[in-house]
Amino acid sequence: MAGYRDTLNLPNTNFPMKADLVKREPERLRWWRERGLYRKLRAARSGRQVWLLHDGPPYSNAHLHLGTAANKIWKDAAVRSASARGLDSPYVPGWDNHGMPIETEVGKQLRSEGVDADRLTLRRRCREYATRWVGIQREEFERLGVWGEWENPFLTMAPGFEAEILSSFGALAARGFIERRLRSIHWCPTDRTALALAEIEYQDDPAHSIIVRFPLLRDPGGALARHAGLEALAWTTTPWTLPANLGLMADPDATYAVVRVADRRFLLAEARLAAVADTAGWKEHEIEARTKGATLVGAVFEGPWGNESPIVDGTPYVSLKDGTGLVHLAPGHGREDFEVGRRAGLPVSCPVDAAGRFLPGTEPFVGRSVLEVDPDITRWLEGRGRILTAGKIVHSYPHCWRCRGPVI
Ligand SMILES: [Zn+2]
């Protein structure tokens, strides 16, 4: 008896019903390779308008993950569609062979082998490591069906590539575009490396929120000197940056008030007075004088470590929405502080080593990690009568994308 199949009008095709990709994909790749299809395509498009995709290369340090695979497949689609549109679109894949991930991994291997490697050995081992992963990733990319110049990729560790970078840098230097100066950067004390902005992740952290008292040393302008015992108030959530304090930022257009509280006198922005009075628990206070921020510039106060801390124009970084309207300025700790400090001609102090430990000049905290010293600095300053209020808040703080630890 005939089956149902014979009663139906099905199309005839030799397209296999079963996908069987595990078997069929390698066959297809081999079919492409044996016929040299990529080379034929290059030859066929030779002389046409060039459409070149500059590949942002992956790190040669691990098996492909889904992100790298997806990224490469989309690039392949873009390059192939350019070829389909009649353009000459070769694809030159590349690898980034440098960076911390490789160094960290090789460092681990060397330690497990008990090898105390010198720099040359470390570099040689990193090069071997990177080379091995270039080979593995190349196979994995080809397995994804990506067409390109796999025999001739660009490698950032290739001597020719490095020479090209040096020669470009030399050309820039010769034309006067390069100069050596200090710059403020994010630094991971755990990995002991600088971090790019793209390598920073913000996270809400508990923090010490303190208002610090800066006694007046002298006021060349003369407006403040008649207020005996005057202290400027500055707010910070990073007490560990106070040893590097070299100034106070004011908003030149804001109104600042000299406020008498019992027998003490404080300087702060009038717009912040109510909030500060509330935090400090002032029952009664009286404004003795008002002045524009601009007239304060040049007045010199005593910083927490006994240094001179002059008021400078902090435009546009002085907020009247929080703090006291006077901002603790540490040009060695932070991009904005650095910029304002340089504009005001202040020196730069960064009394912290590569591992985030205090250097001499920060007594009694020399050798301590800046990441755990905030409570002790707060207590120490309290003991010296330099704290108006101390509390805890949660603030958004930058972290290292690699080790998740806080950065400085
Ligand atoms: Zn880190």
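Is C403 buried, partly exposed or exposed? C403 is partly exposed, at 28% relative accessible area (buried is under 20%, exposed over 50%, partly exposed in between, with a 1.4 Å probe and protein chains only). The model is predicted: local features need pLDDT of at least 70, side-chain atom pairs count only at pLDDT 80 or more, and totals for chains, interfaces and linings use all residues. Residues are numbered from 1 along each chain as its sequence is written, and side-chain values use heavy atoms, with hydrogens and water left out.

**Zinc site**
- C188 (SG), D191 (OD), C400 (SG) and C403 (SG) are the protein donors of the zinc ion, at 2.2 to 2.4 Å (donors are N, O and S atoms within 2.8 Å of the metal, or 3.2 Å for Na, K and Ca; water is not among the atoms, so sites may look incomplete).
- The site is tetrahedral, with angles of 98 to 118° among the four donor atoms (four donors count as tetrahedral if all angles lie between 85 and 135 degrees).
- Ideal angles for four tetrahedral donors are 109.5 degrees.
- The donor spacing in sequence is C-x2-D-x208-C-x2-C.
- D191 sits in the loop between β3 (186-188) and β4 (193-195), and C403 in the segment after β14 (387-400), so the pair ties together parts 212 residues apart in sequence (helices, H or I of at least four residues, and strands, E of at least two, are DSSP runs numbered from the N terminus).
- D191 is partly exposed, at 21% relative accessibility.

**Largest pocket**
- Its volume is about 1,600 Å³ (a pocket is an open set of points on a 1 Å grid over the protein atoms alone, where a 1.4 Å probe fits, with protein on both sides within 12 Å along at least five of seven lines; lining residues have an atom within 4 Å of a point).
- The largest pocket has 50 lining residues, and H333, G334, R335, E336 and D337 lie nearest its centre.
- Helix α9 gives the most to this lining, with six residues.
- The lining of the largest pocket holds 25 nonpolar, 16 polar and nine charged residues (Ala, Val, Leu, Ile, Met, Phe, Trp, Tyr, Cys and Pro are nonpolar; Asp, Glu, Lys and Arg are charged; the others, Gly among them, are polar).

**Second largest pocket**
- This pocket holds about 370 Å³ of space.
- It is lined by 16 residues, with R33, Y38, E142, W147 and W150 nearest its centre.
- α1 (21-35), α2 (37-45) and α5 each give two or more residues to the lining.

**E139**
- E139 lies in helix α5 (residues 119-143).
- E139 is exposed, at 60% relative accessible area.

Terms used: Tetrahedral: all angles 85-135°; square planar, octahedral: opposite > 155°, others 65-115°. Points joined across faces, edges and corners; volume = space filled by probe spheres on them.
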